[in-house]
Amino acid sequence: MPKININDTFNLISKLSLKRTWNAGKVLSSYYLSRLLQKPIQWGYPVSVSFEPTTSCNLRCPECPSGLRSFTRDTGMLKKDFFRQTIDDLHKELLYLVFYFQGEPYLNPDFLEMVRYASSKKIYTATSTNAHYLDDQKAKKTVESGLDRLIISIDGTTQDVYQQYRIGGNLERVLEGAKNIVKWKKQLKSKTPFVIFQFLVVKPNEHQIEDVKKIAKEIGVDDVWLKTAQVYDYQNDPNNLIPSIGKFSRYKKDSSGNYQVKNKLDNHCWKLWHANVITWDGLVVPCCFDKDAVHRLGNLKTQTFKEVWNNQEYRDFRKEIMKSRKNIDICANCSEGTKVWG
């Protein structure tokens, strides 16, 4: 489990209001009641939402649709007016907002303006970045925006290892970006954003786990998270990514020597009750594993979010999760319950 940071924890708690607390209580109780009765019951609105700033990315990571340029859905940039409209509809219940799904958030020119708007509604904001655009000016604006959590992907501590997964990336730029954020936090006397190095453990970098912790400490990064990697073709592992250290793998070999997903895929999923994902163009999908937005539960260009959240498509999907989760394609490679934290 991730270590509890007092400043970050109190910052999150400070975003709670009576309405948000009441909403979270309704969501949690309806989830456990659904499990008890074996039928979907949904009270309240999402506690957390992920918004996709863009599908564009500067890198070409081998297990990422953005990196592979392999989307079948439309690609583009989230528009700030549409974003504000949706936040205005949700902000009274919404506690946590993630500015990430696919793509590199900082490629959207309005990204930090949207962060600032969500922060003005006292919503806890987080994003994940490859940190290639955190020059001095952008780092200062990031701290000033009110962003609460900044996850920096750093999947190697030397350039030769880093670039094996982060194809087209420059490790020095990543480290410089992290240093810029830490510098401006100090100069502006800001406790936010809470800065995390996220280390995707794969076979080429598994020997550098202790090194990334050391670098994080030297720079002044707040925490290091070790993340398991999703491998689409895990039976063949064509990019040789599955780590040899078992606890850092989402997969294990069966008696025949074939890889299987560790997750037992029980017929319930907390994500479907408390969170969801909105694509740059307003499609509502169940979670971050639906990268190509195949399971479209609504469209915010034609419906309000609150109409979508309780529509027939959402009810049917929750029902299917509770009936036979393992038969839903996006659940087959799910990491829920298999993450490892630094």
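Student: Is Phe10 buried or exposed?
Tutor: Phenylalanine 10 counts as exposed because its relative accessibility is 56%. Buried means under 20% relative accessible area, exposed over 50%, and partly exposed in between (1.4 Å probe, protein chains only).

Student: Ok, and what's this model based on?
Tutor: It's a predicted model: local features need pLDDT of at least 70, side-chain atom pairs count only at pLDDT 80 or more, and totals for chains, interfaces and linings use all residues. Residues are numbered from 1 along each chain as its sequence is written, and side-chain values use heavy atoms, with hydrogens and water left out.

Student: Where does Phe10 sit?
Tutor: Phenylalanine 10 is in helix H1, residues 6–14. Helices (H or I, at least four residues) and strands (E, at least two) are DSSP runs, numbered from the N terminus.

Student: New topic: which peptide bond is cis?
Tutor: The one from threonine 192 to proline 193, with omega near 0°. Proline 193 is in the loop between helix H8 (171–187) and strand E5 (194–201).

Student: And what's up with phi at Asp237?
Tutor: Aspartate 237 has a phi near 45°, which is positive although the residue isn't glycine. Most residues other than glycine have a negative phi, and most peptide bonds are trans.

Student: Where is Asp237, then?
Tutor: In the loop between strand E6 (223–228) and strand E7 (251–253). Aspartate 237 is buried, because its relative accessible area is 12%.

Student: What about Asn240's phi?
Tutor: Asparagine 240 has a positive phi too, near 55°. Asparagine 240 lies in the loop between E6 and E7, and is partly exposed at 42% relative accessible area.
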